[in-house]
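Here is a structure to be discussed by asking, for each term applied to it, what value stands behind that term.

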Amino acid sequence: MIPTSEAVAVTSDWLVPVDSSPTPNGFIVIEDGTIRFVGQKLPAGFQSLRLVRLPGFAILPGLINSHCHLEFSDLESPIPAGNSFPDWINRLLAFRRAKNNAPEQLASYRQAAIASGIRESYQAGVRWVVDMATEPWSATWIENEVAAIAALFPIGFAPKVPIVVQPCIELLDIVEHRFESTLALAMTHLGAPKSTTGLGEIGFAPHAPYTASKKVTQWCANLPLKEKRLVTMHLAESKEELEWLQHQSGPFADLLAPILDRGASLELHPYFDRQGQITEHVALLSQSWRAMIAHGNYLSQRDLMSLAEHASTMGVVHCPRTHRHFGHLHEAGQFPPTDRYPFAERMALGVRHFLGTDSRASNPDLNLWTEAKRVRAEQHELSSNQILKMMTTDAAEFLDLGNEYGSIRVGHPATLTAIKLDGVISCDGLVDDASTLYDALLEEGTVSAPLEWVMANLQSNDRTNL
Ligand SMILES: [Zn+2]
């Protein structure tokens, strides 16, 4: 381990700010967890600093995971997709119930799962994660785990806040009292001072149109814009969801009937007066400060046009391996349907996209870099630079983190991600053709990690000539 808190200079094969040209063999100076210098040549004033060389690495802005459920991070493997999406939800609920057998232990299970998910995300080079939070939940759990990660490094060497969790408190009202309790949880945190210990601004998540009515989404839409509350909603995720919303039939009817009041027939149930169609939710979400639609696999053309129209405040979070887990099929103007998410078509419309891992209930791990590599392997119409932006520059701009995240700039916290390259990538001629480097970054064999983690483990204290 590097033993002191002195400033350190680091050089790697490539500095890749993503929002500007890559620099071969560039230098970054980090002091007190903050970037003090970025450039091609180390100025004389910094030449006496300890120099850490990272051959075979590129340094990127910290990765941003725009959709996760950390509470399921204790799952060792994903829950099989089953026969339908509600079938999978049923299995997930059964997993949860198994933990509920000892209610007094539920909070400690949950805390351990969230801590494990934070640690796993961090180790994969994720620096900001948008998390869907349900009860039991505590800000302290997050702050404690982030502090434990920071304590792995000497004071000043790592960024003060190595990873931030931005919770979106899930709101549901399919059972009315549930709305009151989740809202109560949310309200207890609204007035809290902004944390500098790993907790991002609280956002909200009307869960999905089959569990959260228009009333809930409207409540989120009514939040004062100046509060800058992120709103996330699972929307148009499965075909079964569309069938339920349009016809109150299909596998969701079997799943939800026991939850709704058995006394009334489903068609007459008062819940349906409040239930909204996807288009109605999209319209409400367009009034919020920022809205991230999780998945959006089966959004209509009309809704996609609306998202494009509101691209400065609305976007879709695509979770590539979760998409694969459920085997979604898209018509996207072609027949037969394709199992590829219609990325290029939607981006051509102007729909903004971000990347997420979703949870370990539908994904084997929380490695966002693996998600990006999957997109690269499957989506040949997208440029690698577009893919990188979705989880760095563009996500940071959307979430209003631009002053601290999404680029490599002097004054930013050194929340940077190191990428172990898969072989040597020549510096020759690449300044004019950065796309070759971006493509190489997303090759199958590359690996991501937090920069300070890589530096600490190299045990380098080389003061030799620059
Ligand atoms: Zn989700």
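Q: How do helices H5 and H9 pack, in angle and in the distance between their axes?
A: In this predicted model, helix H5 (residues 214–221) packs against helix H9 (residues 278–285) at an angle of about 15°, and their axes are 9 Å apart.

Q: Why are H5 and H9 called roughly parallel to each other?
A: The term applies to angles under 35 degrees; the angle of H5 and H9 is about 15°, and the two helices are therefore roughly parallel.

Q: Which residues make the contact of H5 and H9, and what is its make-up by class?
A: From H5 come Lys214, Thr217, Gln218 and Ala221, while H9 contributes Glu280, His281, Leu284 and Leu285. Sorted by class, the contact of H5 with H9 holds three nonpolar, three polar and two charged residues.

Q: What makes H9 roughly parallel to H10?
A: The axes of H9 and helix H10 (residues 301–309) cross at roughly 5° and come within 10 Å; because the term covers angles under 35 degrees, H9 is roughly parallel to H10. In this contact Ile278, Thr279 and Val282 of H9 meet Arg302, Asp303 and Ser306 of H10, a set that divides into two nonpolar, two polar and two charged residues.

Q: What makes strands E3 and E4 a pair?
A: Pairing requires at least two bridges, and strand E3 (residues 27–31) is joined to strand E4 (residues 34–39) over five bridges, in the antiparallel sense. Glu31 stands opposite Thr34 in E4, and the hairpin of E3 and E4 has two residues between the strands, where Asp32 takes a positive phi near 55°.

Q: How do you know that the peptide bond joining Glu135 and Pro136 is cis?
A: The omega of this bond is about -10°, and the bond is cis. Most peptide bonds are trans. Pro136 is placed in the loop between strand E7 (126–133) and helix H3 (139–150).

Q: How is the protein divided into domains, and how far apart are the C-alpha centres of domain 1 and domain 2?
A: By a domain assignment, the protein is divided into domain 1 (8–61 + 407–458) and domain 2 (63–366), whose C-alpha centres lie 33 Å apart. Their contact takes 12 residues from domain 1 and 14 residues from domain 2.

Q: Which elements give two or more residues to the side of domain 1 that touches domain 2?
A: They are strand E14 (416–420), strand E15 (447–450) and helix H17 (451–458), and E15 gives the most, with three residues. By class, the residues on this side of domain 1 are six nonpolar, four polar and two charged.

Key: Residues numbered from 1 in each chain as written. Predicted model: local features only at pLDDT ≥ 70, side-chain atom pairs only at ≥ 80, totals over all residues. Axes fitted to C-alpha atoms, helices over the stretch in contact; angles between N-to-C directions. Helix = DSSP H or I, 4+ residues; strand = E, 2+ residues; numbered from the N terminus. Parallel < 35°, antiparallel > 145°, perpendicular 65-115°, else oblique. Contact = placed C-beta atoms within 7 Å. Nonpolar A, V, L, I, M, F, W, Y, C, P; charged D, E, K, R; others polar.
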